[in-house]
There are 4 protein chains.
Amino acid sequence: MTDFFKNIPQIKYEGENSTNEFAFRHYDPEEIILGKRMEDHLRFAVAYWHSFAWPGGDPFGGQTFDRPWFGDTMALAKLKADVAFEMFDILGAPFYAFHDADARPEGATFAESLRNLEEIVDYLGEKQATHKAKLLWGTANMFSHKRWMSGAATNPDPEVYAYAAATVKSCMDATHKLGGANYVLWGGREGYETLLNTDLKAERAHAGRFLQSVVEYKYKIGFKGAILIEPKPQEPSKHQYDYDVATVYGFLKDFGLEKEVQTNIEQGHAILAGHSFEHEIATAAALGIFGSIDMNRNDYQSGWDTDQFPNNHAEKAVAFYEILRAGGYTTGGTNFDAKVRRQSLDPEDLILAHVGGMDTCARALKAAAYLLEDDTMEAARRARYAGWEKDGAKAMLTQPLEVIAEAVIANNINPQPRSGRQERLENLWNHYI
Amino acid sequence: MTDFFKNIPQIKYEGENSTNEFAFRHYDPEEIILGKRMEDHLRFAVAYWHSFAWPGGDPFGGQTFDRPWFGDTMALAKLKADVAFEMFDILGAPFYAFHDADARPEGATFAESLRNLEEIVDYLGEKQATHKAKLLWGTANMFSHKRWMSGAATNPDPEVYAYAAATVKSCMDATHKLGGANYVLWGGREGYETLLNTDLKAERAHAGRFLQSVVEYKYKIGFKGAILIEPKPQEPSKHQYDYDVATVYGFLKDFGLEKEVQTNIEQGHAILAGHSFEHEIATAAALGIFGSIDMNRNDYQSGWDTDQFPNNHAEKAVAFYEILRAGGYTTGGTNFDAKVRRQSLDPEDLILAHVGGMDTCARALKAAAYLLEDDTMEAARRARYAGWEKDGAKAMLTQPLEVIAEAVIANNINPQPRSGRQERLENLWNHYI
Amino acid sequence: MTDFFKNIPQIKYEGENSTNEFAFRHYDPEEIILGKRMEDHLRFAVAYWHSFAWPGGDPFGGQTFDRPWFGDTMALAKLKADVAFEMFDILGAPFYAFHDADARPEGATFAESLRNLEEIVDYLGEKQATHKAKLLWGTANMFSHKRWMSGAATNPDPEVYAYAAATVKSCMDATHKLGGANYVLWGGREGYETLLNTDLKAERAHAGRFLQSVVEYKYKIGFKGAILIEPKPQEPSKHQYDYDVATVYGFLKDFGLEKEVQTNIEQGHAILAGHSFEHEIATAAALGIFGSIDMNRNDYQSGWDTDQFPNNHAEKAVAFYEILRAGGYTTGGTNFDAKVRRQSLDPEDLILAHVGGMDTCARALKAAAYLLEDDTMEAARRARYAGWEKDGAKAMLTQPLEVIAEAVIANNINPQPRSGRQERLENLWNHYI
Amino acid sequence: MTDFFKNIPQIKYEGENSTNEFAFRHYDPEEIILGKRMEDHLRFAVAYWHSFAWPGGDPFGGQTFDRPWFGDTMALAKLKADVAFEMFDILGAPFYAFHDADARPEGATFAESLRNLEEIVDYLGEKQATHKAKLLWGTANMFSHKRWMSGAATNPDPEVYAYAAATVKSCMDATHKLGGANYVLWGGREGYETLLNTDLKAERAHAGRFLQSVVEYKYKIGFKGAILIEPKPQEPSKHQYDYDVATVYGFLKDFGLEKEVQTNIEQGHAILAGHSFEHEIATAAALGIFGSIDMNRNDYQSGWDTDQFPNNHAEKAVAFYEILRAGGYTTGGTNFDAKVRRQSLDPEDLILAHVGGMDTCARALKAAAYLLEDDTMEAARRARYAGWEKDGAKAMLTQPLEVIAEAVIANNINPQPRSGRQERLENLWNHYI
């Protein structure tokens, strides 16, 4: 045991009236919601990068966190893993997620980086064997090192494409070895800074082929998890190709991958793309590509990704409602892609941020589940579209325009508006929050 | 002749040094650019709605314009057409564009509205026969009347779908009769106000079927023009399904329409979706769905669609450069979907706004053409991607991940970053503006 | 009694477990919060314009609402007042607010408009005498008629300044006669569309003088209420001079009015200005110019003012917390500057939107009050600044730079960062929501 | 001479038709514009931080630039200064600007940092003596080191206030010694991350007192330059107190500093605050607090400060027009607070980015000057407000509301709207660009 979290107890569920900061008031892993344990609904994961690899810098300032594991040696990488699993234990988190670069020191060559990764993967595997937390997903960091500055699979330089292929292979191997439930691709540099030097069509073709080869490799190694694309419209690039869920869908269709790849949706990215979180989830569900979520919140007044811990359960309830409507997660989960503010220096801050986030999600899930079970909301929705259940309406969807037009004239059809009842439905919603 | 534009002369090209407000200084229809007359490159169109149907209202204020043709009679509709063609003549505009509701009075029934439309279409046909302006595109206004408040093809009420089908048929007939070069669909109410009462999946299915039937009807009547979707992310709806070019592409793929339907791209809509205008054009070109443009500008500090006349040729040059790279328009054109400010009350304002817009586009086109012909910019782009021309690089696009990974290790590939030279390319750009 | 709201009962408090749509579940006017009746804390007002004067139009569509009182006669204006007071009664609303143009038909001349206003003010006075609702504030609509298109007090045309002066006088008289608690000025056209035709300095000087004369007139007639400026950054104008609270403060200081005029703060306007609602309230409180609020919510993904009814009590609790910290309202109140969506056609929608909004605010107020009473949050805040209570620190605020600098060197001062504990405080917050 | 810029010639003016990348095509320092040399109008400055101290990192990636002077020794700091002055010479830049932290290594104590600063200031002084470039302004970096994470003058910890006071004193001394024309304060951490832990009122009071003491110290040491505040609304903080020009004005008024302090206005900051660049300049001019500008451009589709080199002279011309209308700079200048993209790795990129930026500004200045001299635009503006020149109108500004109201009725004043002619003025503008 390290002493980083010394004096911090394991977090237990104590109920709504608890005033203990170091307790859950809403997240009871064992509570049965819609026939399933809450833990199995929410499938919380801790993100290695924000909690253990980020030094607290921002574009205008440097490191604020003092962490005993900061540095570039394998010994420090193992210390980091030790502390990480201590935090997973304290939180009772069933999952975690990581990039290669979060967990292993960068080597002087690809081969050395790979050896470092393999060594730390073995170490993480040992940790998993003796702790509760499993791997929700692995991924490759192909955006921080300067070799990626102009893209990974979409780089103008084919050597970078090659390096990316080797990197993703190594991270898929690592994820497979650790029994990961998913493999995620986020393309922060798969985009452009200026159209003036960019061949959009070529870059898209390379990205499509790259993703096909990822799917092929999945089958080759027998990886059973899902492949997930994480949309983001911009930042760090001016424009990123995986702009939002609908854009990703068109891309998948183009390369024949819409049955093979799903999406990992993040609230902050949705907002940057001009969408609500629930919109992105509902769209992915409608298109059959909903996979998992990166849970956080964005500051609505800031124009960049703030990756804050969620703290408004009323807002999150709408998101969980769409997840439940979509049938809940299969391989996916609720990954806290969230970081404590760079002023939140203390080990307690790391723990309590997650406690608050988990409680926020638990409240949201419970409200969403009650509402779905109650069915009043869904009954209102069905009623609004009930006209489409009639035979004449269904038939119309196979008729040509001129036949429908004749009927409009013959029957003097003159549709009358009906109330959309938005405020009533919002009130209904609030009955459950 | 009406006397609305009395004392306003026909606008002629007088060259850069002219100080005559009522002259073109850059737009010379006869000038040959890249082997084609400037008029044939730009294919300018005047929008009937903004210039002749809009009363000057905004969300906080009512009518400011006094126009002798405002009112709901057929006689006034014809007066409006008279004035419109007088304006087309003054500008020498080769095209115009209109919605049914811009041109004809609304009837008490669909049948009456249709008769009104047919009568005014005959009148417009007579006008076309004796004036220069032809129809760039026709379209249906399925957003202003209250029947459309919850959508047209995506309305929860099948009667509205029927009414929409009949309406689009009538507008396609009108466009066909007038020899229109395109038919456009803009879905301002095809979206939602709240997810709480919306069935995303059903609405999408209805929209897809509707568009298929539009394409079928095009072939049935022998309409040779293009069918164009005009993307917009929001406004008036909170979310619109045709969010941006990439979203439209996924939708078209889903319904097998990506070879049948192209896009009509508007700067203001691009900006609301978080894109530059040139991004949307370049994306459409890369996806093979570029059709036409709605030329205007948005105020970058306002969060809604301001539909202002373009006045920055340096900015528009980037857009025209992408259009020229895509091969220029085929059926498409440069439609001024722009309105004079509601404080610009005078007939002169209407004319001069178009003169300024046309000159801005002409300057932009000329700069873009010079730059493309010079090839320095394109040579730099090709050089950046030259590595992909090598056999090894091409072969890599067919290799599995593990083969590439082996090569990375075997050859100790360690890609070195190369300058993206953005500022140099921007300077080069400015040589031509 | 009209029959507009027939079958809708008076809304009563039934407690959290009520499933009656037509009941309050949180708003109990009589409940004592921090020693004051909840009704006296919240001071709810209904906005005449959104609920009774708005036809349901938006920039892309016309009227959707059928209201029996729509039209331009005095008889219809009185019918509107009848229905309005019926709604105030149903809701138990203690206040309402109105513009002149909401309540009276526009006349052909100023004198006729004035007579109309005086007649309807008498009618409203009779209504007030026999109903519960009183006037929270009156105001002048100086943005809808085309005479205001280029501003009211800031118009380039001095005749418009004169007309504005006469209009405000008439509305102050009306407000005074009706015993209004405040008089509000919102300058939707006090701004510009383009700097090219604008004299910023002159317009600012005219606005300042105008506001001084409003304050002078207040004293002349013995009006005891507060004069309030309502900030908004833009819409309808590209730029509005009363951009946000801090901007208004500078303006008031410049014209010696910072003790005479306070602010009426709206969530939607705060968001358009890039602020949170609570920021604007806290800033006004810190500057001594907090007056009242316009309660609504903006859609965070829409770039214009959506004026929706509030439905997220967790979000509003932060706002009410700042109001309570500032000592609560004196003359101010919670005015629902909110409109039902244009698809919410039914009389029930109008009522239920307000019920939901009032319950949302009541929950928010209760949470805020508990939190403030508990003092844990405030204790944490005081602790963070406790260093400033020491004599040395206080003294430093009177010392010159060079003296402080000497002490830094002499004492080798090397300040160590301390955690800001943001997530902990957010968790604490959520204990009470 | 270092060899960093070897083979790069000094940049000379060669005229519009030059195709030499390494030449000015528009910036001719000696050209007389409105009676003054162009160099004396534009007063270009190079920013030390972006060009010499920034490693190329962004929130998602690390260093991309290899610069021989990167490191923390005094020898490297001097090498950096050598290269910097070589670049100033190549560009013929008359000015530069720097923060303490750009130029000197951080020491282990304040005293050591101060000694390092003094040594490098002496070195810079020697450089200035033998090169053309002078100091436009100095400033203190009070945002990068972790001690500033919660603010400098507004920090909850009085020790940080003390450290800030000592730091600013040292930077004012340095600026004074180097003959700087201005001293700038930018408060990137003078703001908050969350209201929950913030005492707005106290922080504002401390900031006000701090600024007063800066002004007092200026007089004490006999510094003749101007003190400038640089507004920015957010980033890095969620909210910054110096939000925009109008906010700064209110702050200055409150602390009696509006005659003592002016503003340094940046395009990127203006845009983040929801304003155009020209709005901020015109506002500062109207309020009497215009000082200097930080020249750059922001990407309109990115929600953070992109600090790009300007490349659209049409856009910048509007800004220079407002500067010329305000009488031009006195102590201020055009400081390139702009950085090459992190992919622009080469020494040539640094030089050419500045060449392009300088040419863009030169074209903009010339266009603005022609337009101002021509007076057509100003004549139109004066005509629009001409009504206010009449005695009756002037008198009205001293009359009470009731007197004006009587006149409105007595004279049946009914103001008629007049066209604002925005598009005409925009066309006029384009005659000169």
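Please keep in mind that the model is predicted. Chain A superposes on chain B with an RMSD of 0.0 Å, and a record marks a binding site on chain A.

**How the two chains relate**
- Turning chain A by 180°, with 0.0 Å of shift along the rotation axis, superposes it on chain B.
- The two copies are thus related as by a two-fold rotation axis.
- In chain A, A:Gly250 has the C-alpha nearest that axis, at 1.8 Å.
- The copies meet through the same surface, because 100% of the interface residues of chain A are also interface residues in chain B.

**Two helices packed in chain B**
- Helix H11 (residues 313-325) and helix H12 (residues 347-374) of chain B have axes that come within 7 Å and cross at roughly 55°.
- That angle makes H11(B) oblique to H12(B).
- The crossing of H11(B) past H12(B) is right-handed.
- On the H11(B) side, the residues in contact include B:Phe320, B:Tyr321 and B:Leu324, while those of H12(B) include B:Ala364, B:Leu365 and B:Ala368.
- Sorted by class, this contact has 12 nonpolar, 2 polar and 3 charged residues.

**Annotated residues in chain A**
- An unreviewed UniProt entry places the feature "binding site" at A:Glu266, A:His269, A:Asp305 and A:Asp307.
- These positions are spread over 42 residues of sequence, yet they cluster in space, with a largest C-alpha distance of 10.2 Å.
- One of them, A:Glu266, lies in strand E12 (residues 261-266) of chain A.

Notes:
Residues are numbered from 1 along each chain as its sequence is written. Chains are lettered from A and ligands numbered from 1 in the order in which they are written. This is a predicted model: local features need pLDDT of at least 70, side-chain atom pairs count only at pLDDT 80 or more; totals for chains, interfaces and linings use all residues. Axes are lines fitted to C-alpha atoms, for helices over the stretch in contact, and angles run from 0 to 180 degrees between N-to-C directions. Helices (H or I, at least four residues) and strands (E, at least two) are DSSP runs, numbered from the N terminus. Angles under 35 degrees count as roughly parallel, over 145 as roughly antiparallel, 65 to 115 as roughly perpendicular and the rest as oblique. A crossing is left-handed if the near helix is turned anticlockwise from the far one by less than a right angle, and right-handed if clockwise. Two residues are in contact if their C-beta atoms, placed from the backbone, lie within 7 Å. Ala, Val, Leu, Ile, Met, Phe, Trp, Tyr, Cys and Pro count as nonpolar, Asp, Glu, Lys and Arg as charged, and the others, Gly among them, as polar. Copies are superposed by least squares on the C-alpha atoms of residues with pLDDT of at least 70 in both. UniProt positions are given in the numbering used here, feature names are shortened, and annotations may be inferred rather than shown by experiment.
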